[in-house]
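Hi there,

Here is the structure I promised to pass on. Have a look at it first, and my notes follow below.

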Amino acid sequence: MTEIRELLLSRIRDVADYPEPGVMFKDITPLLADPAAFAALSDVLADIARATGATKVVGLEARGFILGAPVAVRAGLGFIPVRKAGKLPGATLSQAYDLEYGSAEIEVHAEDLTAADRVLVVDDVLATGGTAEASVQLIRRAGAEVAGLAVLMELGFLGGRARLEPALAGAPLEALLTV
């Protein structure tokens with residue numbers, strides 16, 4: 001696993017002052033462009049999905065779609081996108097949450113999750129945990145069980161884990177890299 005972590009970390013590019021001055025953005029596009037690194041990431045996340053007993057994978061807009069879809073395919077599971085409000089047609093469930101400056105809302109198709117589902121949430125980065133926490137609430141409101149949350153990278157200094165652990169209620173939080 002150490003070799004895989006080193007491979008993944010070597011393919012993440014730091015971009016200074018993006019999207020605003022003082023922020024060091026962690027760009028995963030070089031990792032996605034490297035087929036060996038992207039496949040290794042997908043395989044590790046698929047192993048986590050299987051280990052949690054997940055029946056579906058939820059990917060959070062937008063990079064969670066890129067990571068979650070191949071994980072679902074590799075693990076033999078269904079994939080469910082959780083989108084920003086107003087992006088899904090038909091009946092949806094929505095969950096509002098607070099951001100540092102303002103608020104946001106995410107949605108899922110109401111019929112995509114059932115009480116029989118155990119859901120692994122997949123995203124690229126765990127930062128403050130607001131979107132992930134809202135997705136956990138949304139999954140439970142849909143009647144499904146949260147099997148866990150798996151991310152490529154956790155920005156430990158932002159405290160997202162401490163915010164999320166109570167919401168996860170014992171479900172695992174797996175971060176492949178912590179920066």
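Is the crossing of H3 and H4 left-handed or right-handed? In this predicted model, the two helices make a right-handed crossing. Their axes cross at roughly 65° and come within 8 Å.

On the H3 side, the residues that meet H4 include Phe-38, Leu-41, Ser-42, Leu-45 and Ala-49. Among their counterparts in H4 are Ile-66, Leu-67, Pro-70, Val-71 and Arg-74. By type, the residues of this contact divide into 11 nonpolar, three charged and one polar.

Ser-42 sits in helix H3 and counts as buried because its relative accessible area is 3%, under the 20% cut-off. Beyond its neighbours within four places in sequence, Ser-42 is in contact with Pro-70, Val-71 and Arg-74.

Now for the cores. The largest nonpolar core has 28 residues, and Leu-41, Leu-45 and Leu-152 have the most contacts inside it. At least two residues each come from helix H3 (35-52), helix H4 (63-75) and the strands E7 (118-126), E8 (145-154) and E9 (173-178). H3 gives the largest share of this core, with seven residues.

Leu-45 shows some of this in detail: leaving aside neighbours within four places in sequence, Leu-45 is in contact with Val-71, Leu-120, Val-122, Ala-150 and Leu-176. There is also a second, separate core of 27 residues, including Val-82, Ala-132, Val-146 and Leu-164.

How values were computed: Residues are numbered from 1 along each chain as its sequence is written. This is a predicted model: local features need pLDDT of at least 70, side-chain atom pairs count only at pLDDT 80 or more; totals for chains, interfaces and linings use all residues. Side-chain values use heavy atoms; hydrogens and water are left out. A nonpolar core is a set of buried Ala, Val, Leu, Ile, Met, Phe, Trp, Tyr and Cys residues joined through side-chain atoms within 4.5 Å. Buried means under 20% relative accessible area, exposed over 50%, partly exposed in between (1.4 Å probe, protein chains only). Helices (H or I, at least four residues) and strands (E, at least two) are DSSP runs, numbered from the N terminus. Contact means heavy atoms within 4.5 Å. Axes are lines fitted to C-alpha atoms, for helices over the stretch in contact, and angles run from 0 to 180 degrees between N-to-C directions. A crossing is left-handed if the near helix is turned anticlockwise from the far one by less than a right angle, and right-handed if clockwise. Ala, Val, Leu, Ile, Met, Phe, Trp, Tyr, Cys and Pro count as nonpolar, Asp, Glu, Lys and Arg as charged, and the others, Gly among them, as polar.
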